[in-house]
Amino acid sequence: MPIVFARSTTIHAHPSYIDAGIKHVRDIVMPALADIDGCLGLSLLIDRGSGRCIATSSWRDGDVLRSSEGMARMLRDEAARMFHATTDVANWEIAVMHRDHHASRGSCCRVTWVELDPAQLERGADMWKMAVLPRMEELEGFCSASLMIDRTRGRGVSSLTFDSAQAMDRNKERVDGIRAEVTRAAGATVLDTGEFELAIAHLDVPEMV
């Protein structure tokens, strides 16, 4: 299976500029990325309360990810001005992408960042596939799930998408329990979690499980 890569930009925005930022990403950033050979798509998560937003672009392979950095930097700087934001950037390998069905308007995401020994990262990803994904598929309102990893830093980030904020809230306790069980078994440390509105859902990564 070919390895698909992703670049995520965390935008620390002023909350009052989020709607303008979303419009800019949809009208300017997405078409510009679509013109770059090897770009597969884009998603945008937003938290209106904190102003934290995450734009993730997907790339056919590591070479096109690296060669796109110049254009991506220009687009990122322009978007930061529209959001009145600062940004942090991370590159990832997409280890898992599974969709029960495509996201619709109102979908929300629960995102978890973890850290573990880089030597145990492959084992941790396998545990996520075998012990987390099948149980998430059983949850009411489950839409899709992804896992991205950084082999060098020993980091991972998982995203669970639900059909609505209500479905995400109803499953919160069960998701927390599964997460605690698997991270403990994998020897991983949870660094952060977040809940987001899925404002743009065009990552277009093929099924990878």
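Biologist: Strand 2 and strand 3 (residues 52–59) pair up, but over how many bridges?

Modeller: Bear in mind that this is a predicted model, where local features need pLDDT of at least 70 and side-chain atom pairs count only at pLDDT 80 or more, while totals for chains, interfaces and linings use all residues. Residues are numbered from 1 along each chain as its sequence is written, and side-chain values use heavy atoms, leaving out hydrogens and water. Strands (E, at least two residues) and helices (H or I, at least four) are DSSP runs numbered from the N terminus, and two strands pair if DSSP finds at least two bridges between them. Here the sense is antiparallel, and the count is 7 bridges.

Biologist: Which residue of strand 3 is the bridge partner of Leu42, and which residue in their hairpin takes a positive phi?

Modeller: Leu42 is bridged to Ser57. The hairpin has 5 residues between the strands, and the one with a positive phi, near 85°, is Gly51.

Biologist: What stands opposite Ile46 in strand 8?

Modeller: Strand 2 also runs antiparallel to strand 8, joined by 5 bridges. In strand 8, the residue opposite Ile46 is Glu197.

Biologist: How many of the 8 residues of strand 2 (residues 39–46) are buried?

Modeller: Buried means under 20% relative accessible area, exposed over 50% and partly exposed in between, with a 1.4 Å probe and protein chains only. Strand 2 is largely enclosed by the rest of the structure, because the number of buried residues is 7.

Biologist: Over what arc do the buried residues of helix 6 fall?

Modeller: They are Val175, Asp176, Ile178, Val182, Thr183 and Ala186. The arc uses directions from the helix axis to the C-beta atoms. Seen down the axis of helix 6, these residues line one face, because they fall within an arc of 165°.

Biologist: Which exposed residues sit on the face of helix 6 turned away from its buried side?

Modeller: The buried residues pack against strand 5 (108–115), helix 4 (121–137), strand 7 (155–162) and strand 8 (189–202), with contact meaning heavy atoms within 4.5 Å. The face turned away carries Glu173 and Arg184.

Biologist: And helix 3 (residues 69–83): what arc do its buried residues cover?

Modeller: The buried residues are Glu69, Ala72, Leu75, Arg76, Ala79, Ala80 and Phe83. They are on the same side of helix 3, because they cover an arc of only 140°.

Biologist: Which residues are exposed on the other side of helix 3?

Modeller: The cover over the buried residues includes strand 1 (4–12) and helix 1 (18–34). On the other side, the exposed residues are Met74 and Arg81.
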